[in-house]
Amino acid sequence: TILGMMDGVNYFYSNCAEEKNREKYLSTIFCLQAVVSAVAGAVIMTLPLLASFENKDVERLLFFAALLPFLQNCIGMLQILLVCVGKARLLAIRNLLISLVRLLVVVIVVMGSKNILLIFLTTLTLDVLQILLFVLILRKNKLHLGKVSFPLAGEILRYCIPMGLFLMINT
């Protein structure tokens, strides 16, 4: 994951006793992840990189190469929060169902159109729906994201970056 942010979500959720501070840490982690993803996506979408492909069909798919990893990281971090709020069983059932739905949808799209763009659009839609569902479940469990506190970024990165490096080295 980006800079060990998933580990940071678990750490700061578990080690922050006060709910308002916990939400600030978690919101800041999600914001940092979005900023890093946006920068990485912009790098992927840069013209020198696009020119190296010399294939217009590939170029139009780079948007997905930039966006889908960001969405998957969000889903992973939200899954950790669902476990933290005691929704592990719901998460397991949801993961099974979404895997089956994904497989079914991809098979239908491939059999029907064989259009890679449509497959990516379907994947993108399913990811966004998952994120919305997770956010709704977390809100129902009184965990609200959105109170970003940039002064916490240094402390968060001091924890997350070493964890991210550890994971990269040991994978």
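Modeller: I call a residue buried when its relative accessible area is under 20%. Phe64, at 4%, is therefore buried. Keep in mind that this is a predicted model.

Colleague: What does the ring of Phe64 pair with, and is the pair stacked or edge-to-face?

Modeller: Phe64 pairs with Phe120; the ring centres are 5.2 Å apart and the planes sit at 15 degrees, so the pair is stacked. Phe64 is in helix H5 and Phe120 in helix H7, so the pair ties together parts 56 residues apart in sequence. Phe120 is partly exposed, at 24% relative accessibility.

Colleague: How many aromatic pairs are there?

Modeller: The structure holds 5. One of them is Phe12 with Tyr159, edge-to-face, at 5.9 Å centre to centre and 80 degrees between the planes. That pair ties together parts 147 residues apart in sequence, because Phe12 lies in helix H1 and Tyr159 in helix H8. Ring pairs also link Phe12 and Tyr159 into a cluster with Tyr11 and Tyr25.

Colleague: Switching to the core, how many residues does the largest nonpolar one have?

Modeller: It has 32, and those with the most contacts inside it include Leu78, Leu138 and Ile156. Helix H5 gives the largest share, 9 residues.

Colleague: And which residues does Ile156 touch, beyond its neighbours within four places in sequence?

Modeller: Phe12, Tyr25, Thr28, Ile29 and Leu32 are in contact with Ile156.

Colleague: Last one: where is Lys142?

Modeller: Lys142 is in the loop between helices H7 and H8. Its phi is positive, about 60 degrees, although it is not a glycine. Lys142 is exposed, at 59% relative accessible area.

Definitions and conventions: Residues numbered from 1 in each chain as written. Predicted model: local features only at pLDDT ≥ 70, side-chain atom pairs only at ≥ 80, totals over all residues. Heavy atoms only, no water. Helix = DSSP H or I, 4+ residues; strand = E, 2+ residues; numbered from the N terminus. Buried < 20%, exposed > 50% of the residue type's maximum accessible area, 1.4 Å probe, protein only. Core = buried A, V, L, I, M, F, W, Y, C linked by side-chain atoms within 4.5 Å. Contact = heavy atoms within 4.5 Å. Phe/Tyr/Trp six-rings, centres within 6.5 Å; stacked < 30°, edge-to-face > 60°.
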